[in-house]
Amino acid sequence: MPDTSTGVVVIGGGSTGAGVLRDLAMRGIDAILIEKGDLASGTTGRSHGLLHSGGRYCVNDLAAAIECVEEGRILRRIARTTVEDTGGYFVSVSEEDEAWEPRFVEGCRKAGITCERISVEEARRREPALSKQVRTVFWIPEDGHLDPFYLVVGNVESARRRGGQVRTYTEVIGFTRNGNRVSGVLTRDAMTGEETSIGCQAVINATGAWSGFVARLLDVEVKVVPVKGVMVILSRRLAHAAINRCHKPGDGDIVVPGLSVAILGTTAVKVPHPEVLPIEWDEVQMLIDEGAKMLDGVTTARAMRAYAGVRPLYDLGAEAEGREMSRNFAVIDHEERDGIAGFTSIVGGKVTTYRLMAERVTDLVARRLGVSTKSTTAEVPLNDREDELDQLRHRPAHLGVPKPHGEEVALQPLLCECELVRPQDVEPWMKDPAVRTLEDVRRRTRSGMGPCQAAICSYRLAGRLVTDRGVDGRTATRAMADFLETRWRGVRHVFWGSQLRQAQVTTGVHLELFNVDRQLTKYFPPPLAGEGQGGGVPAEAAEVEAVGQP
Amino acid sequence: MRFDIAVVGSGLSALIATRTLQRAGRKPVLIWPGLSSLYFLYATVDVLGYANPTTAEAVEDPVSGVRQLIADHPEHPYARAGLPALQNGSSLLLDWLREAGFNWQGTLDRNLLLPTATGTPKPSCLVPTSMAAGDLHRNEPIVFCGFDGYQDFIPELAAANLSHGWNGGSRNVGAVRVPLPGVKPDRLFTSIDIARSMEDATFRRDVAERLRHAVKDDRARLGLPAVLGLTHDTDVHVEFEKETGHPVFEIPTVPPSVLGLRLFDRLRRHLQETGIEMIWAAPAHEAEVANGRCLRIHLKSAGREQPVEAKAYILALEDAVDGAWRAGAHTVRDPFFHQVLAQHATPGERTDESLFAPQPFAAIGYPVSDRLQPTHQDGHPLASNVFLAGGGIAGYDPTGIKARGGMAIATGYRAAQEAMAA
């Protein structure tokens, strides 16, 4: 007998898995999502956050571009505060770029993407930071910024309201089978090591770049190529809208402004394992140099951190059979392809089209379960309220900014001054068992994401762990230190200019005023394995990383 | 503008250098480049907390510890400055603090062990008297006291850690929280707001009353965040101890730090009141050198450049916060001579993988002569009348050994002696 039973187990807590959980819940199907780290701690949370208009794919991948157009419009309806409607520009800065323009315009026309050529003068009036090198500008109103953390959390919370369950830090270690039918999932808690079994009628493998590892537990193959992308976060937006190079998509050709920052993207390097993501200095330097071709101020702005994500590119050529289709993602029906009933993989794709991917895979699985209900995820807003903003996000207007007419709202205390996070924004997550580390709190609230990189809020959050959650002082201090260390890992790659001064304030507070370094060496056991990293890296991968690192 | 001796800096080393010159009857000018590290990093004057950056056992006798450090590491900034500079500089500071209206205590041969806001014992040497009752060499039980809605001191966290970290588990450590009179916890208030309110007798008595009820153990000492007054802190502390009926000690908090503000504000004002000229918010960005001497330094102030001429110069920028050097992606230079102080293939090389380990960037600086003159790599001074104090000196990293105040005092004092002799 399994410890728990459910209808469907969804493996993977990125945008796809979260979208699947919501789709299942909205069709009335019992489901549990398991994720080996935290929600959005893999590919989704490490994307650059561009809501694709489709402009980047319209020449080389028309089918993908058309999906982006449609899904972008749906997301603007169902996830209004998760999307920042920035619009975007495609700019030419060289003769080669200009040669690409007719193909780009034609691609936009075919895909149905609104595209308007505007004069450089007009563009510069709207975006004063456009570089002197810019020769031609196209305005693409449907590019946008998508907050990947809120997107995933919004989907999961919507599913939870309908009975869907989520277990974070829960790895799949095996399956139970009944003949050729998968009948359950064996899991292990990544922190405590506790093992549990979940009985189910179907399993959906939504683990993206990790799909192959999960499928291998059933002796079937899913070929996913993990491709690393490095990004750099600047402390200022520099532009109102997303800025793309008008050329064949390549390295360092996009700047995505979102909230108070801008993200320079990206690179594409095949990696041996989705968790081996070294950040090379050459990549950081290239992103800054290339970004500066499009926008002034990229080189002088303060770079806050660099990070790397992994794309789950799916080799369609090798998987010609057994899939429901699309150019850019695939549903693999393992019953048809491999003779294993109750197991389905969803691979490839991107954050912008997560909902469609979820709908397609859920269609198949629901049909197999005999459920005929259609997906309604394109119609119902994530927060289930047509008329209100998504309450997951609090805008600065809530924080006591004087209203233009009438009364002044008193200033409320902030837990994270950089990102305007209030104590009450953190409170509900302190009660959520799916939230285990302060990084998890960050992903849900943005606390610690700003210029000081958690120097101040980490102490307040550690305090909350003691007062709201009842953890002991040592665990709370360890959590604070781990949080700071995780932030530090990104800061190190862009360590010049003001970053040194910021680091000195951080070490001044934590090492000199608090003496935390001695708290760690004198009173603590070694850190918990994998904490703050979204689950442990497999032993063989850790070795590769050690060798691969300069 | 022409001066006797120009001191550039905004931290403790610049203040000590200026005061030393003033006491010797010289006429220094103090040039402040901008917001000071005093705001962020100072609460106590730490002389030597640990013998090396990673050892776990605290130093008990800092002056002996420094003597040993000098013997073992003749290149260390403490060795360059010399033990007498630390000793004379410290007496000068304590005298000065007294004259400026502070109540501080401590001697160089003994570290106090004070609980921090995370409840970690930390060795400190010279401390405000308002912190001294926290000394963990004493036996009375400790109750950490916080306030509803105040996030910068979490008594429960401090108590939970100290109950592990303090030797002798039988000793009591507790935590209480009280609401602040008239302060709604859902409204924004900072350490500075509370510190100001504590100067109001009615407010303070009300807080004392609430704490007296909340704390059950009559023998307990009360550990509070450092909010006991902003400008009249000595009186506030004395009165508050009477009003609560308990020994009370302050604990430094995250910035904005009331302890740092008090120190900075009053020492700065005292210098001005005793006739020291100051040039405000003017970062120096160039030293003009001819025939081995610095002729003038150029300041960037309010939209125009201002040259300052002096017989000697003390560059007392305490660290990166104070602008001791400028870092590009590969090259670190100083703001005066624009010499390359360090080259890195990647910026990541400046850091350790762990935030809590010694950071390579912290040790960047000029090689110095025996007289604290910045030198070329060959040991030859860049300018015979320029002297360094603080973080411009190579190997100056007080963080891990907890020696920020002592190193600032020793180098500031010594640089002032050398500048007078130049």
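Colleague: What makes H12(B) mostly covered in this predicted model?

Modeller: Buried means 20 or more other C-beta atoms within 10 Å of a residue's own. In H12(B), 16 of the 18 residues are buried. Helix H12(B) is therefore called mostly covered.

Colleague: How do you know that the span of helix H12 of chain B agrees with its number of residues?

Modeller: The expected span is 1.5 Å times one less than the number of residues. For the 18 residues of H12, 404-421 of chain B, that should give 26 Å. The end C-alpha atoms are 26 Å apart, so the two agree.

Colleague: Why is strand E23 of chain A called largely enclosed?

Modeller: Six of the six residues in E23(A), residues 343-348, are buried, so the rest of the structure largely encloses the strand.

Colleague: How do you know that E14(A) and E22(A) pair with E23(A)?

Modeller: Pairing needs at least two bridges. E14(A), residues 202-205, has three bridges to E23(A), and the two run parallel. Asn205(A) has Ser345(A) as its bridge partner there. E22(A), residues 329-333, has five bridges to E23(A), running antiparallel. Val331(A) stands opposite Ile346(A). Both counts reach the cut-off, so both strands pair with E23(A).

Colleague: Which stretches of chain A have pLDDT under 50?

Modeller: Residues 390-404 of chain A stay under 50, with 27 contacts beyond four places in sequence. Residues 526-550 of chain A are also below 50. Where pLDDT is low, predicted coordinates should not be read in detail. Chain A averages a pLDDT of 89, and 88% of the residues score at least 70.

Notes:
Residues are numbered from 1 along each chain as its sequence is written. Chains are lettered from A and ligands numbered from 1 in the order in which they are written. This is a predicted model: local features need pLDDT of at least 70, side-chain atom pairs count only at pLDDT 80 or more; totals for chains, interfaces and linings use all residues. Helices (H or I, at least four residues) and strands (E, at least two) are DSSP runs, numbered from the N terminus. A residue is buried if 20 or more other C-beta atoms lie within 10 Å of its own, exposed if 12 or fewer, and partly exposed in between; C-beta atoms are placed from the backbone. pLDDT is the predictor's confidence in each residue, from 0 to 100. Two residues are in contact if their C-beta atoms, placed from the backbone, lie within 7 Å.
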